[in-house]
Structures are given as structure tokens and as C-alpha cells.
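Let's take a walk through this model, one piece at a time. Have the viewer open and follow along.

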Amino acid sequence: MINKLFYTKFPFVSKYFDTLIENDTERFPQSIVLEGLDIIGQYAFSMELARILNCKETGGEDCNCINCQWIKDIKHPSVNIVSPINYKDDTSKTVISINQAKKITSSLRETSDYHRFFIFCNAKIKQRSGKEQNLIKEYEPCGFNFPEEGWMPLPLNTKVFKSEASNSLLKSIEEPPQKTTFIFLTQNKEDLISTIVSRSNVFKLGKTDGLNRAFCNQNVQPLFNKYFQEIIRQTQYDTKIQSAVELAAEAENIIKTDEIDIFDFLNDFQEYILSIIKENLANRQFCTGLETHIRLIQKAKNRLNTSMNSKIVLESLFLETAELWT
């Protein structure tokens, strides 16, 4: 369903979302952070997700239904670009404001027959460089226009999307109406406040779809591999529960001893599960269980935001996942 151009550019993430949309759109993430240097690609990929979920026909890349055409022409009422110069009523062009956040919150009170998207980025009207022109040409086959002539998407940062505006959206991001998705375009997730990242699924767009800093730690990957063998692959209930308790303690020790950000750890845990999904796409039941586990990790991140003790969060996560696979 996703345009084959994105499979060339972002193979893993494209396959993941195609599989998710095909199997159960009810599980589509309510908040997504995209990372990487190709912001034009992030913009086009976000629009592609919005197009497929609002398509009235098959969702194919050549579909010309009215919804697909509206989205390509930036005219669809439920696909919104939020930037310092878009989705706003005032004349300021420097930040994403609290007023914009309030406007979004107010709009969510109204019901919609569509899947609503709010795509956040920095943006400017500028003379495009040769490199930018070439990048735009790469994505022209997808058919997505820009809001206006000379408009360029740029990555978010905390100077543009300040904590006040970000925090005012947290409730909407955490508990949005059904069929609502927020997407944030960044070079690095650390350019957003941590409370938005913790409520989001984080994806790095690129041919390698690399993992975050936690996974680079020499102790983290063995722990994830051990989880796969002892929680997912084991058959005995008692063994799974005992392993869950031990793995939670091991994870806590690694995080503290090696000074790993626990959100980096949990984000990479989600990425690790996604890599297993990629390797087992033919086994639909198995992948469904893995998708449920990704949501349990998201639940763990949300618990951390309530100041719950990290030890309890990790123990609960591993025990819940052990129960999932019994």
C-alpha cells in the first residue's frame, strides 16, 4: 500500500506501517516522532500515512479518490500541518504557539469521519538550495504538494516548539479521540521535550533504520536477546515469571550503572521488538502478540511520567510481558 519509493528510502518503517494498516488500523499510534536528516522525506512519509488511512478506495499509491487528491493538494480538512507559519491565526512566524495548541485541542472536541493528522515541523518560506531542490524532486513521484510556493519543512527544536506549547498538548497526545495521530518531524528526538517523546512511538527514517544510543551500550543488546529467548521462546510459565523478575533487575542495574536514559532504553526496546516483527511477518499471530508488547512498553513510559519508581515500572513491564506469552 505504501508507495514503493518509501520502501527504497525507509524499508523497515514502511513495511512495519504497511503490516499494521493491513492487519488492524485501530492499533495505529496516536503519536509518532520521526528522526533523521531527511526532513522532506519525513514530511512526504507523514503525508503518505495520512493518505492511506483516509483513502476511500484501496489505498494504492496510484489512487485518485477525492480524499487522496485532497491530501496531495494540501486541502483535506483533517490533515493539518502545524508550524510557525501554518495552522495559525496570528501574524507571528517564529514559534508554534500556545494558541495553536489550544486550537488543536478545541478541534478535537468535534467528531470526524476521517483519521485526523497533525504534522508538526518547523518551516520557512525561502529560496531553496540546489540540494533541497534535488531532494524535493526525489519525492515528486509521490505527488504531495507543499502548502505554498517556496515552503520548506525544517526539523523541530525547543526554540520553535517551546515547552509551554508542548506541555499544553500533552493531554491531547496521551488521550486523543479515536482515529487521531500526531507526528513530529525531528533530526533527533532530544529536540523535543521528554514528555512528548515518552508518549510517542519513535522511528528513525533511513535505509538502516538505526537504533538509539541505549542500544549502542554493550550490555543492552544481550539483555534484549535474552528477553527474546527467555520470555518469548520459553514454554514453561514458572520459568517465564522467574526470568521476568531477573531481567527487570538486570535492566535496572544496567540503566543505573551505565547511566542510560530509561526512555532511551524503552524506545530501543520498542525498536528491538519491531525488528523481530520484521523477521516474522509471515506469522501473523506471533506478530500480533509483539504489537501488543510494544503497547505495554508505551504503558511503561507513561507510568514513568507519573513519577512511578523506575524499579516498579520495569518489574511491571517484564511481568506483564511474561503473562502475555504464557
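Predicted model: local features only at pLDDT ≥ 70, side-chain atom pairs only at ≥ 80, totals over all residues.

Residues are numbered from 1 along each chain as its sequence is written, and side-chain values use heavy atoms, with hydrogens and water left out.

Start with N54, which sits in helix α3 (residues 39-54); helices here are DSSP runs of H or I with at least four residues, numbered from the N terminus. N54 is buried, at a relative accessible area of 4% (buried means under 20%, exposed over 50%, and partly exposed in between, with a 1.4 Å probe and protein chains only). What does N54 touch, apart from its neighbours within four places in sequence? The list is N67, I71, H76, V79, Y114, H115 and F117, where contact means heavy atoms within 4.5 Å. With H115 there is also some polar detail: a polar atom of the N54 side chain lies 2.8 Å from the backbone nitrogen of H115.

Now zoom out to helices. Two packed helices are described by the angle between their axes and the distance between the axes. Helix α2 (residues 11-23) packs on α3 at an angle of about 15 degrees, with the axes 12 Å apart; the axes are lines fitted to C-alpha atoms over the stretch in contact, and angles run from 0 to 180 degrees between N-to-C directions. That makes α2 roughly parallel to α3 (angles under 35 degrees count as roughly parallel, over 145 as roughly antiparallel, 65 to 115 as roughly perpendicular and the rest as oblique). On the α2 side, the contact is made by V13, S14, F17 and I21, and on the α3 side by F45, L49, I52 and L53.

The other pair is α12 (residues 237-257) and α15, whose axes come within 8 Å and cross at roughly 150 degrees. That makes α12 roughly antiparallel to α15. Residues of α12 in this contact include Y237, K240, I241 and A244, and those of α15 include K311, L314, E315 and F318.

Finally, I312 lies in helix α15 (residues 310-324). Is I312 buried or partly exposed? I312 is partly exposed, with a relative accessible area of 43%.

Note on methods:
Helix = DSSP H or I, 4+ residues; strand = E, 2+ residues; numbered from the N terminus. Polar contact = N/O pair within 3.5 Å; in protein donor to acceptor, adjacent residues only side chain to side chain.
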